[in-house]
Amino acid sequence: MYFLMLRQVLTGSNCYHVYLDIKDTNGGPKMRRLHEFLAKEIKDSKQQYIERVQQIRSHESELLQITDLLIGSLTYANRGLNTSTAKTKILDRLRERFGEQALTETSAFSTPKFNILLWQARETPG
């Protein structure tokens, strides 16, 4: 899933460090494979554009904590909830800065620094 998301936004003209929250003890080999697949996708055989793909503990990284907060708030907005004053204030600020539809619609990949990719599972025949 990380590959499907990241391959849409990575280019061979920028330098990337990808940090993912630790999920399990098998993450090391998975991160190496993800790095290989991403490098292959953007033709980065020397891995000079995607310099690093690694797991970190989110509670040890302020940047990952902010990311978790934003993702949680956006999920909250897309579920149509309004029971948390804190999340509502965050959403109000994001709406003010990026516009109402920026929180609930897929944004253009060219949108600087703030891309939202909405994912919907395919229905399985059944």
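# Core, pocket and loops of a predicted model

Trainee: Which elements each supply at least two residues of the lining of the second largest pocket?

Mentor: A pocket, on a 1 Å grid over the protein atoms alone, is an open set of points where a 1.4 Å probe fits, with protein on both sides within 12 Å along at least five of seven lines, and its lining residues have an atom within 4 Å of a point. Helices (H or I, at least four residues) and strands (E, at least two) are DSSP runs numbered from the N terminus. The elements that each supply at least two lining residues are helix 1 (2-6), strand 1 and helix 2.

Trainee: Before going on, I note that this is a predicted model, in which local features need pLDDT of at least 70 and side-chain atom pairs count only at pLDDT 80 or more, while totals for chains, interfaces and linings use all residues. Residues are numbered from 1 along each chain as its sequence is written, and side-chain values use heavy atoms, with hydrogens and water left out. What volume does the second largest pocket have?

Mentor: The lining of this pocket has 14 residues, with Y2, L20, K30, M31 and L34 nearest its centre, and the largest share, six residues, comes from helix 2. The volume is the space filled by probe spheres set on the grid points, which are joined across faces, edges and corners. For the second largest pocket this comes to about 250 Å³.

Trainee: How many nonpolar, polar and charged residues are in the lining of the second largest pocket?

Mentor: In this classification Ala, Val, Leu, Ile, Met, Phe, Trp, Tyr, Cys and Pro count as nonpolar, Asp, Glu, Lys and Arg as charged, and the others, Gly among them, as polar. By class, the lining holds seven nonpolar, two polar and five charged residues.

Trainee: Which residues form the largest nonpolar core?

Mentor: A nonpolar core is a set of buried Ala, Val, Leu, Ile, Met, Phe, Trp, Tyr and Cys residues joined through side-chain atoms within 4.5 Å, where buried means under 20% relative accessible area, exposed over 50% and partly exposed in between, with a 1.4 Å probe and protein chains only. In soluble globular proteins, nonpolar side chains tend to be buried together. The largest core here has eleven residues, namely L6, L10, Y16, V18, L20, M31, L34, L38, I42, I50 and V53.

Trainee: Which elements each supply at least two residues of this core?

Mentor: The protein has four helices and two strands, which follow the pattern α-β-α-β-α-α along the sequence. Those that each give at least two residues to the core are strand 1 (16-21), helix 2 (27-41) and strand 2 (50-56).

Trainee: Which residues of strand 1 make up its covered face, and which its uncovered one?

Mentor: In a regular strand the side chains alternate between the two faces of the sheet. Strand 1 runs parallel to strand 2 and is joined to it by six bridges, two strands being paired if DSSP finds at least two bridges between them. The covered face of strand 1 has Y16, V18 and L20, and the uncovered one has H17, Y19 and D21.

Trainee: With which residues is L20 in contact, leaving aside its neighbours within four places in sequence?

Mentor: Contact means heavy atoms within 4.5 Å. L20 belongs to the largest nonpolar core and is among the residues nearest the centre of the second largest pocket. Beyond its sequence neighbours within four places, L20 is in contact with Y2, M31, L34, Q54, Q55, I56 and L64.

Trainee: Why does K43 count as exposed?

Mentor: K43 lies in the loop between helix 2 and strand 2, and although it is not a glycine, it has a positive phi of about 55 degrees. Most residues other than glycine have a negative phi, and most peptide bonds are trans. K43 counts as exposed because its relative accessibility is 74%.

Trainee: What relative accessible area does Q47 have?

Mentor: Q47 is placed in the loop between helix 2 and strand 2 and, while not a glycine, has a positive phi of about 50 degrees. Q47 is partly exposed, because its relative accessible area is 31%.

Trainee: Is S58 buried or exposed?

Mentor: S58 is in the loop between strand 2 and helix 3 (62-78). Not counting residues up to four places away in sequence, S58 touches D21, L64, Q65 and D68. Because its relative accessibility is 14%, S58 counts as buried.
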